[in-house]
Amino acid sequence: MQQPTLRNIRIRSTRDAVAVFYGVARNILPLITRRLDAEERLSIVAGCCFVWEENANSEATGLGMERWTDGMGWGPSRVRDEFLFYHQKESDGEELAINPITPWAQMMRKRASRLGTPSSSRRPTEAQRLIKQTYSVLVSLPKDRPTGIVRKWHLTAYFNQETLNELNTIDDLRYLDVPIPDGWFRSARATKARRDSRTIPEHTQVPEGIISSPLDPALVAQTRYRGPPSAPPQNPGIAHASTSGSGRLVPLEYLQNATQRNRRDPTDEQFLRRFGS
């Protein structure tokens, strides 16, 4: 039976989470290597903390996991300080006991019958319902660096409001409260955010009629003019400023008219001359 990476612990910050990851990297704490079975899921209580490695090829290799499953129902995720939090649904315990479809549900029903407690009395209060807390990092271990391997580890911790203040912290575990070497762990969420912010569309198009400077008549003419194509210039080595983006020459008459249409208001011209004098 797999044991949690830590018991009776609460994770207060990303620093605490990285301390747990470092304990796993030093083989002081166990790494969860497969999905929890029904009995192991049943043993999840407030204070349990699991660290596991994501492996997209887990089904083919039989090693690691692609996703975390605990047999419980959760509400939508909420983000806070790079953590994701999920609140346990209120009707989980009762529904699983009434509808014993999965091994997890069957064990819930058997345990209830052994304890002689009806399902209605086992419904947890708001303070007793579990909250799941998750955090993910990209791991660069010294042994992996020569081959360029970067692992992805996840921390999944459980707590509730009723017993939160009774749980230990990293400060109580002196063997984990040690300096963390630089370059070992990077937040997977922060890395994704930076990557998304650097993403630039390959093709950026400006809608017709929208120009960068409305005071530039040549740009106005190039954007709006859709006249007939002109013959190519005699000397291809000379750049023509009056050539539109499609390679067609803009007539001089059109440029002159565009210049007149885009002139400033006379009042503005007078004000600018006064300001410059």
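Modeller: Asp-16 and Arg-12 meet in a salt bridge, 2.8 Å from N to O. The rule for a salt bridge is a side-chain nitrogen of Lys or Arg within 4 Å of a carboxyl oxygen of Asp or Glu. Keep in mind that this is a predicted model: local features need pLDDT of at least 70, side-chain atom pairs count only at pLDDT 80 or more, and totals for chains, interfaces and linings use all residues. Residues are numbered from 1 along each chain as its sequence is written, and side-chain values use heavy atoms, with hydrogens and water left out.

Biologist: Is Asp-16 buried or exposed?

Modeller: Asp-16 is buried, at a relative accessible area of 0%. Arg-12 is partly exposed, at 39%. The cut-offs: buried is under 20% relative accessible area, exposed is over 50%, and partly exposed is in between, with a 1.4 Å probe and protein chains only.

Biologist: Which other residue forms a salt bridge with Asp-16?

Modeller: Arg-15, with the closest N and O atoms 3.9 Å apart. These residues belong to a network of salt bridges that links Arg-12, Arg-15, Asp-16, Asp-171, Arg-174 and Asp-177.

Biologist: How many salt bridges does the count come to?

Modeller: The count is 11 salt bridges. One of them joins Arg-151 and Asp-144, at 2.6 Å from N to O. Arg-151 is partly exposed at 21%. Asp-144 is buried at 4%.

Biologist: Switching to strands. How do β2 and β3 pair?

Modeller: Antiparallel, over 3 bridges. β2 covers residues 78–80 and β3 covers 83–87. Strands here are DSSP runs of E, at least two residues long, and helices are runs of H or I, at least four, numbered from the N terminus. Two strands pair if DSSP finds at least two bridges between them.

Biologist: What is the bridge partner of Val-79 in β3?

Modeller: Leu-84. The hairpin of β2 and β3 has 2 residues between the strands, and Asp-81 there takes a positive phi near 55°.

Biologist: How many bridges join β3 to β4?

Modeller: 4 bridges, and the two strands run antiparallel. β4 spans residues 131–139. His-87 stands opposite Ile-131 in β4.

Biologist: And β1?

Modeller: β1 is joined to β5 by 5 bridges, again antiparallel. Trp-52 stands opposite His-154 in β5. β1 is mostly covered, with 4 of its 5 residues buried.

Biologist: Now the core. Which residues touch the most other members of the largest one?

Modeller: Val-20, Phe-21, Trp-153, Leu-155 and Phe-185, out of 31 residues. Two or more residues each come from α1 (14–25), β1 (49–53), β3, β4 and β5 (151–159). The largest share, 8 residues, is from α1. A nonpolar core here is a set of buried Ala, Val, Leu, Ile, Met, Phe, Trp, Tyr and Cys residues joined through side-chain atoms within 4.5 Å.

Biologist: What is Leu-155 in contact with?

Modeller: Leaving aside neighbours within four places in sequence, its contacts include Ile-11, Val-20, Phe-21, Phe-50 and Tyr-135. Contact means heavy atoms within 4.5 Å.

Biologist: On to the rings. How many aromatic pairs does the search find?

Modeller: 12 over the whole structure. In Tyr-22 and Trp-184 the ring centres are 5.3 Å apart and the planes are at 85°, so the pair is edge-to-face. Tyr-22 is in helix α1 and Trp-184 in the loop between β5 and β6 (185–187), 162 residues apart. Tyr-22 is buried at 12%, and Trp-184 is buried at 15%. Rings of Phe, Tyr and Trp (its six-membered ring) pair if their centres lie within 6.5 Å; planes under 30 degrees apart count as stacked, over 60 as edge-to-face and the rest as tilted.

Biologist: Why is the pair of Phe-83 and Tyr-135 described as it is?

Modeller: The planes are at 45° and the centres are 5.2 Å apart, so the pair is tilted. Phe-83 lies in β3 and Tyr-135 in β4, so the pair ties together parts 52 residues apart in sequence. Both residues are buried.

Biologist: Last one. Which residue lies over the face of Phe-85?

Modeller: Arg-80, at 4.2 Å from the ring centre. The charged end of Lys-132 sits over the ring of Tyr-86, 5.2 Å from its centre. The test is NZ of Lys or CZ of Arg within 6 Å of the ring centre and within 35 degrees of the ring normal.
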